[in-house]
Amino acid sequence: MQSFFQTLVSGLSFGAVYALIALGFSLVYRTMGLVNFAHGAVLMIGAYVASTFYLSARLPFAVAVPAAMVVTAVIGLVIERILRPLENKDFDLMLIGTIGAGTVLEAVAIIIWSSSGRGVSSPVQTAPLAVGGVSIPGYNILVIVVTAVAMVVLTLFLQRTKHGAAMQAVAMDHEAATAAGIHVGRSNAIAFAIGAALAALAGALIGPMLYVSPTMGDSLGIDGFAAAILGGFGSVPGAIAGGLGIGIISAFAAQQFQGYSDMVTFVVFTVLVMIRPTGIFGEKTVNRA
Amino acid sequence: MSRRSLCRFGLAPALAVAVVALAVAACSAPGASSTAGSGATGSGTASGPIKIAVVDAQSGSDSDLGQFEWRGVSLAVNQANAAGGIGGRKIDLTLYDDQGDPTVGVELAKKIASAGDIAMFGTAESAVTLAMAPILESEQIPNITSGQSTALVKLNSPYLFLNGPTGLTYDSTLATYLVKTKHYTKIAMLTNNDSYGAGEESAFSSSLKSLGLAPVAAKVVPADQTNMTPELTAIHGSNPQVLFIGAEEAQSGLIVKQARALGMTAVIAEGAPAGTPLYMSTAGTANADGTIVSSPYLGNGASAAAAKFAAAYTTAYGSAPELHGAKAYDGAEIMIAALKACNGCTGLALASAIRAVHYDGLLGDFSYDSSGVGIFATAIGIITDGKIVPVS
Amino acid sequence: MVLAVVAWLLPYQLNIYWMSVADTALLFALLAVGMGLVMGVAGQVNLAQVAFFGAGAYVTAILTTHDGYGFWTAAALAVGATVAMGVVVGTPALRIQSHYLGIVTLGLAVAFTDWITNAPITNGDSGISGIPTPPLFGINLTSNYLYYYLELAVLAAGLAFGLFIVRTPLGRRMRAMRDDPLAAGAVGVEIRRLRMIAFVLASIYGGAAGVLYAGLIHYIAPETFSVADMFLLLAMVIIGGRQSLAGCVIGAVALTVVQQELVNLSAYAQLGYGLVVVAVVVFAPTGLVGIPSRALALYRRRRGRGPVAALEPFRPFPAGPEAAGGVMLDVSHLTMRFRGLVALNDVSLAVRSGEILGVVGPNGSGKTTLFNVVSGLYRPSGGRITLDGRVISGARAHRISRLGVARTFQNLRLFTTLTATDNVLVSLDRTRTWWSWRYLLWPAGVWRHDRALKRRAAALLAQFGLAQFSAALPGSLPYGIQRRLEIARAVASSPRLLLLDEPAAGLNGDERSQLAAIVRSIRDSGVTVVLIEHNMGLVMSLCERIIVLDSGAVIAEGAPADVARHPAVLEAYLGTSPVPAPSEPEARQKTEAP
């Protein structure tokens with residue numbers, strides 16, 4: 001029983017990070033109809049930049065992370081600008097463009113930081129909390145808190161600010177949004193930048209829990225996307241539900257199926273996508289089927 | 001489209017040309033004149049530099065090992081060249097990146113054969129070495145490898161030599177120490193699923209079995225997984241006294257770090273990877289302390305020769321060496337000794353010369369048997385305050 | 001053909017290392033052709049191609065080393081197993097497309113890599129060694145030089161077969177499906193079967209490449225079939241030009257050589273090909289192969305046009321049999337709801353055989369929605385439609401097309417990368433997808449069928465006066481001519497019922513009277529026509545009967561003169577109060593959103 005709760009705690013901590021990744025995907029998908037295959041690579045860059053600021057420049061973790069988010073947001077703006085000519089025209093080409101962008105980012109990371117990767121010491125040095133035989137590292141609690149705060153901030157942005165409303169309008173009907181005077185390109189750029197910053201936050205947070213390497217974004221990106229689909233694109237509660245869901249599923253799958261856990265998660269996910277592409281909470285905002 | 005119909009009509013004459021060309025070609029197959037590799041020539045007729053290849057992962061997740069090996073070999077070769085080389089001829093090293101991918105390795109085997117390299121150092125991954133071995137054998141290029149898998153030994157290739165003990169040696173020594181000397185009874189295993197981890201899993205579990213013990217838990221994780229908490233949670237449930245890890249340096253460090261975060265107090269036991277600075281830095285010095293290491297190279301202070309080697313290495317590269325660098329250094333020294341003994345020979349003659357070398361190296365006394373293993377024992381140490389201390 | 005000779009004599013020039021590189025390049029070329037067929041020609045995102053490669057290699061390896069099968073037997077079984085895998089991977093494509101399909105196929109590829117790394121029978125990460133060399137009439141294929149010829153033969157056959165498919169009905173349908181699945185369905189293309197065929201083709205090429213790979217290197221390991229290699233293959237296909245099979249081959253060979261040259265600088269190589277992929281995607285989507293024709297087109301445009309192609313007069317169709325006069329299409333209590341919005345509200349109408357029926361109404365009244373339901377793009381929320389007594393409501397678009405219903409679209413849906421002739425050819429071809437078995441067993445029959453279709457297409461285009469535009473792409477044609485081409489395409493399917501959605505939109509007076517003549521001639525040849533139009537003059541002169549829709553309901557029906565005086569119609573169009581009634585923009589129910 002203790003093992004069950006321990007696995008649950010682990011699944012929830014990672015689930016919070018998956019929720020952040022899912023939200024980043026979701027934001028870009030809603031506004032641009034684009035699944036950003038470079039999302040995982042952006043996450044990886046965020047993890048590297050944050051850990052570089054934290055380890056080499058010895059900045060406090062609380063400063064290193066927002067700094068990484070800013071840097072990564074700029075990268076997101078650059079990618080969006082380059083791919084803008086394809087927006088709303090040819091989705092397959094745009095998909096491939098993001099794959100190319102992801103490949104470039106990974107190569108850049110290898111060139112700058114080498115391919116061997118680095119461990120990041122946990123910024124929370126206290127002993128893990130022991131609750132009824134279940135060990136909860138202090139850092140995991142920090143991750144959950146930060147994720148919750150980020151979700152709240154994002155929801156407020158989308159619902160209360162002009163830019164947020166503009167992004168929602170573009171998501172619903174980009175032609176009507178243009179007619180209403182919204183600069184769609186700029187709105188998309190903001191969406192992409194925020195998505196990238198969220199990915200960076202996820203990467204920076206997950207660094208101390210895992211290991212920072214140039215290929216870390218591959219499986220995290222796919223897990224994040226699975227979470228976004230599971231919960232349904234286009235809503236913050238959906239991202240949370242999907243993220244926690246995938247976190248828990250993969251934690252238990254890893255225990256049961258060990259080496260095959262990725263495969264199991266995938267097959268489950270494929271079946272879900274086919275049965276219900278709109279996810280648990282989903283709304284069909286952009287239909288590309 | 002008229003171009004299309006032209007293509008259709010053009011097929012017939014093209015086929016005719018092709019048939020004629022085939023007839024002409026059948027008389028002499030291409031490449032017939034250069035089937036034998038350049039390493040085939042027996043005696044050291046050439047003057048000029050002796051070309052040796054170093055093949056290792058310089059990219060990808062195993063690139064650390066590749067770099068250690070390159071540095072160890074380079075140090076030995078540079079020292080030898082400074083002292084006059086092989087009868088006046090310098091050794092020329094060329095580095096090739098196999099990216100940790102066996103099929104890239106296979107291509108590289110052909111590349112080094114056609115480039116005129118007469119011997120090879122590497123690789124640090126048994127899977128890549130295994131893939132390259134048949135080609136190196138047919139091209140008669142002797143290879144000293146850092147790999148330790150028993151599959152290498154089973155090949156029985158006269159051209160393949162290991163620069164350290166086999167995985168079975170590491171693990172049986174460790175198992176014997178844990179069970180016979182320390183009397184542990186509850187031992188759990190966590191290994192990964194790449195060729196190193198799979199080899200460790202089978203070697204350690206068979207060693208335990210021959211001592212009459214079965215592991216209380218045994219889990220396998222994917223080699224690229226960075227979150228081992230689910231598997232560790234399951235292992236934690238069976239309350240082991242010892243956790244044996246079969247994974248590379250970084251993943252092993254992560255396993256230890258995450259195990260301690262879960263509240264596991266089991267002693268960590270491992271083979272070669274635990275004896276490296278990367279393991280200690282990834283695990284964190286506090287967590288790495290107390291790890292039982294089975295390794296033929298227990299640290300740069302273990303002997304006078306080791307200290308001398310470490311000083312030279314640090315001067316050359318700015319960081320202290322560890323096991324893989326030491327192994328590579330020993331392997332290179334053996335190759336140099338063989339080359340000196342046979343005066344720069346190549347092919348089967350060089351392989352025989354390597355086998356005839358008796359070398360007292362950093363890892364111990366080397367004397368190769370017919371299957372390519374030259375050293376048959378490791379030592380046990382415990383990590384204390386960030387250094388490996390031999391157990392008395 | 002010079003290329004063939006060069007390719008034949010190449011091994012004589014190469015040393016053992018470059019020979020091995022050439023062998024690898026040819027394998028990737030074969031893999032790339034398969035990828036080009038499924039992604040470039042059929043438009044299906046397939047990120048599992050390297051998994052097919054791996055499946056072919058692994059099954060061959062396991063059957064020969066583990067179970068002792070002979071190489072060629074194992075090879076045949078391996079390709080069969082890969083095809084089974086292709087069916088599994090292709091199944092999601094029946095329901096989802098584009099990005100979702102990309103993620104799902106990528107996920108299946110990752111699952112495959114996971115399996116081969118963990119399953120005991122594959123020897124995990126250590127791989128399988130000792131795979132035997134394929135025996136071939138006593139030729140020693142352990143030599144890379146001679147193996148090259150085996151690969152060259154397979155590649156040549158594969159490329160020829162691929163080109164054969166692309167240039168004949170099956171390929172044309174795939175390209176139509178890629179350009180516009182909706183319009184393709186409306187002209188009778190069985191979309192789902194075609195998608196599955198595309199994946200099966202890709203898996204055959206992948207499996208064959210895998211088999212040859214196993215026999216070449218004699219050793220396989222999971223690393224070769226990783227996601228990183230999938231992206232490299234994707235780069236090869238994109239950079240070379242995914243819609244051209246020759247481009248795929250060129251991309252594969254070029255990138256293999258570059259990768260080998262930069263083997264010690266693999267991160268820089270990756271950076272390079274990543275940047276080139278982004279550049280190609282944004283600036284030259286047709287790839288390297290497409291650059292010469294784009295440059296040529298740019299040059300031609302700069303220099304000014306050559307002789308301008310002209311529209312020839314329409315030749316009326318021969319008169320058909322006298323219409324029976326009964327009810328052909330019966331719409332009964334049809335309702336169509338979109339998430340709360342009622343687009344069609346209990347609509348009932350009947351179309352009599354041999355008439356020209358007009359459907360009019362203010363914007364947003366549901367006219368195009370009516371067409372979309374009748375032609376099978378939407379499934380009705382309630383009610384029933386029968387065609388000559390046979391229920392068609394709820395049937396798929398391609399099935400309704402085969403029953404003799406053809407249509408044009410309000411916003412013009414021509415296949416943009418197909419020539420005018422090709423557009424018509426897709427519609428002319430009335431064979432079912434399963435007819436395609438002839439591709440494998442009787443290609444001569446396919447060839448003959450294609451020639452016959454081309455003759456008929458030329459005749460039809462000439463009839464419509466479009467003969468001089470037969471090789472033009474729709475995008476280069478003036479608007480009026482595109483409209484006429486769309487009608488020609490619809491008529492090509494020999495329909496009994498033709499639905500024209502605002503065919504006169506954007507036409508000038510001259511073009512409109514030509515249109516009227518065309519429509520009358522079509523009707524006289526025995527086709528019933530239903531016409532949505534806003535141009536009242538055209539409607540009054542052309543249609544014998546008119547139905548008026550407003551807000552999704554039928555408000556009037558009858559002869560043009562009577563309907564024009566109907567008070568409800570006047571109110572709907574002109575209103576009785578000073579403030580005009582707000583109308584929902586019809587743009588909300590785009591035909592583009594199924």
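Guide: Domain bounds, as used here, come from an automatic or database domain assignment. This is a predicted model, in which local features need pLDDT of at least 70 and side-chain atom pairs count only at pLDDT 80 or more, while totals for chains, interfaces and linings use all residues. Residues are numbered from 1 along each chain as its sequence is written, and chains are lettered from A and ligands numbered from 1 in the order in which they are written.

Visitor: Into which domains is chain B divided?

Guide: Chain B has domain 1 (50-165 + 303-376) and domain 2 (168-295). The C-alpha centres of domain 1 and domain 2 of chain B are 28 Å apart.

Visitor: How many residues does each domain of chain B give to the contact?

Guide: Two residues are in contact if their C-beta atoms, placed from the backbone, lie within 7 Å. Domain 1 of chain B gives nine residues and domain 2 of chain B gives 14 residues.

Visitor: What secondary structure does chain B have?

Guide: Helices (H or I, at least four residues) and strands (E, at least two) are DSSP runs, numbered from the N terminus. Chain B has 14 helices and 14 strands.

Visitor: How many of the 392 residues of chain B count as buried?

Guide: A residue is buried if 20 or more other C-beta atoms lie within 10 Å of its own, exposed if 12 or fewer, and partly exposed in between; here too, C-beta atoms are placed from the backbone. In chain B, 60% of the 392 residues are buried.

Visitor: How many residues do chain B and chain C bring to their contact?

Guide: The size of an interface is often given as the accessible area lost when the parts come together. Here residues are counted: 34 from chain B and 32 from chain C. On the side of chain B that touches chain C, the largest share, nine residues, comes from α3(B).

Visitor: Which strands form the open sheet in chain C?

Guide: Strands of a sheet pair through backbone hydrogen bonds, either parallel or antiparallel. Two strands count as paired if DSSP finds at least two bridges between them. In chain C, four strands form an open sheet in the order β4-β3-β6-β7, with antiparallel pairing. Its edge strands are β4 (341-352) and β7 (390-391) of chain C, each pairing on one side only. Strand β3 (residues 327-338) of chain C pairs with β4(C) over eight bridges, and R337(C) stands opposite V342(C) in β4(C).
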